[in-house]
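I opened this structure for a first look. Below are my notes, entry by entry.

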Protein chains: 4
Amino acid sequence: MKEKITETSILLFGKKGFSQTSIQDIVTELHVTKGTFYYHFPSKEQLLMDIHQDYITNLIARQELIVHDRIYSQQDKLTAIIRLLINDIADKGPSARVFSREVRHLGPKNMQRIKQDRDQFRLNIEAVIKAGMQQGELKADLRADMIAFGILGVTNWSYNWFKTDGEVSEEELVTIFSEMILTGIGS
Amino acid sequence: MKEKITETSILLFGKKGFSQTSIQDIVTELHVTKGTFYYHFPSKEQLLMDIHQDYITNLIARQELIVHDRIYSQQDKLTAIIRLLINDIADKGPSARVFSREVRHLGPKNMQRIKQDRDQFRLNIEAVIKAGMQQGELKADLRADMIAFGILGVTNWSYNWFKTDGEVSEEELVTIFSEMILTGIGS
Amino acid sequence: MKEKITETSILLFGKKGFSQTSIQDIVTELHVTKGTFYYHFPSKEQLLMDIHQDYITNLIARQELIVHDRIYSQQDKLTAIIRLLINDIADKGPSARVFSREVRHLGPKNMQRIKQDRDQFRLNIEAVIKAGMQQGELKADLRADMIAFGILGVTNWSYNWFKTDGEVSEEELVTIFSEMILTGIGS
Amino acid sequence: MKEKITETSILLFGKKGFSQTSIQDIVTELHVTKGTFYYHFPSKEQLLMDIHQDYITNLIARQELIVHDRIYSQQDKLTAIIRLLINDIADKGPSARVFSREVRHLGPKNMQRIKQDRDQFRLNIEAVIKAGMQQGELKADLRADMIAFGILGVTNWSYNWFKTDGEVSEEELVTIFSEMILTGIGS
DNA sequence: AATGAATGAGTCTTCATTCAT
DNA sequence: GATGAATGAAGACTCATTCAT
């Protein structure tokens, strides 16, 4: 049941947003009562935290597999990270969407905790960029931090518009974005 | 008074988000009563619509000045559009933030209307890209639509993290992002 | 309306206690809705505070009239204070009952504030006793503080059992208690 | 286990009051689950009843030992009853406090039953007073019933303020109160 | 004896909205 | 233009209680 609640919540949060989704909505969907929800979760916020935590822990783990890979070039790593994020739109779509949007609704403490995780993800990207700069794979004069934000912008924004069943496939999108970032669009 | 309500609302929506800001919050800030609000606006949603509309109408107007400029190259135009969006973080900060976040809280009809405006903004970017492709300023084989989404991602995401009083100035950020997009980060 | 809410609440708190009385109970009794309650009071606790404050402020004022009287002997003052409390069972019955019972349901801050008022009332009694001891009206070796608690016990406990329409009138009860305290029951 | 539940409940009721203590609070404290509680008690109210019953049965038993004593004078008996109640603040503190406060939370039937026990306790005091009056130990014109209420007020009120580790010892308090009642405070 | 899951009625509170004045 | 009072629907959360295992 706990899992069912989590799944349903992810779906509903993804569809209507966190504040717009009431506990009633969640339990009605599952044909159980509010008491059931509160038997499994101490609060709505904690549920959101759990979702966040599950998602980002797994995400960072997969990211670090990429980052610490011995064979990939740094450019490959960036592409792989972009792929990681874009793929999740399909695989964990709603979960990913929830992740990228609802932080503002958390209390200061939880906000802080989540922020740390996100920072780590971002700093991992930054580290790859810096490595690329040193090894001559990337331009030497980049602001690694800003570029990392830029890459996250490109991918995270996709969660707002990308349809996995659209004209462009995930893998194509990965290629388009990674080329745009690595080689630019200028001729 | 209507203007004062609008301004205060933009500020509060920017700070706490749309759903988290109550009409009571707004009128308390202005030392008036709820009746006053409803004298000027038919609903909270309509207020949000007005804010959106004001903002985006002005934004598109400024974008089209750029797009139809006779002197700018297409690359310059893209840079100018990036500058337009980044500058607004400072100039119309809260308003811009509201614009980029609170769409989900609109009813379907209003959502639709806003979506059209946003689409137009995006299609204008797409048009510039296509022009650049034809004129040989940009690579010939780009997916103009996806690239437009990519550019919007980079800039819109900035609203979540960019501090105008930080280490990097707006103009520097514009340069960083436009170089990243036009020439890529690869060496 | 605010007054009506206060009055009804006093009645209901008196009958069923603070926690056992829901806001619903109060507004149902008045044929209004919960919104109305919260238009006039910020919280249930604040309502209780208001009731307390109203009651005790008035009570202390009347007590101090007695305490500072120039003609009364100290013994007369004690009797008058007993009368003050016993009379309130009839006049402000429920209010008095609420006052003497529901402190535990207040938050620490409000608890503190009420405690101060009560302490003042008690210390005023203590002061009268001490004056009586000095002036030879009362035994010289009393623990004024404990006696003050004793007197309060006798009167406050009455709120639990005394019926103003019973066999014993208020004034008779005052006489019985003040004689018991001043001259004792031993022969 | 049943005893452990009872003990813990007494403690918690004493600390936070009956309504403010949830069954969850009780079982959490004991590291068991709610099912366990309901295996041993049919309801929260019944638990309160049991506590009451246990306490008052024992109390009345001890009171009657005093009342029927052949050596004590009636004055001594009153003092002994006062001692009985004051001592219980220390010995059975929480239990006694619960007893003197939470009656209101019982259903009418249980309320009735408790009331009878309390009445008996009070009537026993009244009987002692009447005996004292007849035997010339006490003033002849007392309202024994009201005096009994007065004595109960003095002692029961102590449960609200008396600290056993304070400046005044239990035995001192007994002396103070019994002197106040028997000989009065007037000089 | 004890547990874990579920219930459902109830709690306080919030809030957008209405409307007579 | 603006106010004050009231509404009613909805919100998150609590809790005594039940019951199959």
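I took helices (H or I, at least four residues) and strands (E, at least two) as DSSP runs, numbered from the N terminus. The model is predicted, so I kept local features only at pLDDT of at least 70 and side-chain atom pairs only at pLDDT 80 or more, while totals for chains, interfaces and linings use all residues. Residues count from 1 along each chain as its sequence is written, and chains are lettered from A and ligands numbered from 1 in the order in which they are written.

**Entry: a loop residue**

I looked up H31(B) in the loop between α2 (23–30) and α3 (34–40) of chain B. Its phi is near 55°, a positive value in a residue other than glycine. Most residues other than glycine have a negative phi. Is H31(B) buried or exposed? I called a residue buried if 20 or more other C-beta atoms, placed from the backbone, lie within 10 Å of its own, exposed if 12 or fewer, and partly exposed in between. H31(B) has 7 other C-beta atoms within 10 Å, so H31(B) is exposed.

I then turned to chain C. H31(C) sits in the loop between α2 (23–30) and α3 (34–40) of chain C. H31(C) has a positive phi of about 55° although it is not a glycine. H31(C) counts as exposed, because it has 7 C-beta neighbours inside 10 Å.

**Entry: a helix residue**

I found S178(B) in helix α9 (residues 170–183) of chain B. S178(B) has 23 C-beta neighbours inside 10 Å and therefore counts as buried. For contacts I required C-beta atoms, placed from the backbone, to lie within 7 Å. Leaving aside neighbours within four places in sequence, S178(B) is in contact with L78(B), T79(B) and I82(B). I also checked S178(B) against I114(B): they are 64 residues apart in sequence and 27 Å apart in space, C-alpha to C-alpha.

**Entry: two helices in chain A**

At what angle do α1 and α4 of chain A pack? I fitted axes as lines to C-alpha atoms, for helices over the stretch in contact, with angles from 0 to 180 degrees between N-to-C directions. Helix α1 (residues 2–16) and helix α4 (residues 44–67) of chain A pack at about 90°, their axes 11 Å apart. That makes α1(A) roughly perpendicular to α4(A). The term covers 65 to 115 degrees; under 35 is roughly parallel, over 145 roughly antiparallel and the rest oblique. T6(A), S9(A) and I10(A) of α1(A) make the contact with L47(A), D50(A) and I51(A) of α4(A).

**Entry: chains A and B**

**Entry: chains C and D**

I noted 33 residues from chain D and 34 residues from chain C in the contact. On the side of chain D that touches chain C, α8 (144–161) and α9 (170–183) each supply at least two residues. The largest share of that side, 11 residues, comes from α8(D).

Technical notes. Two residues are in contact if their C-beta atoms, placed from the backbone, lie within 7 Å.
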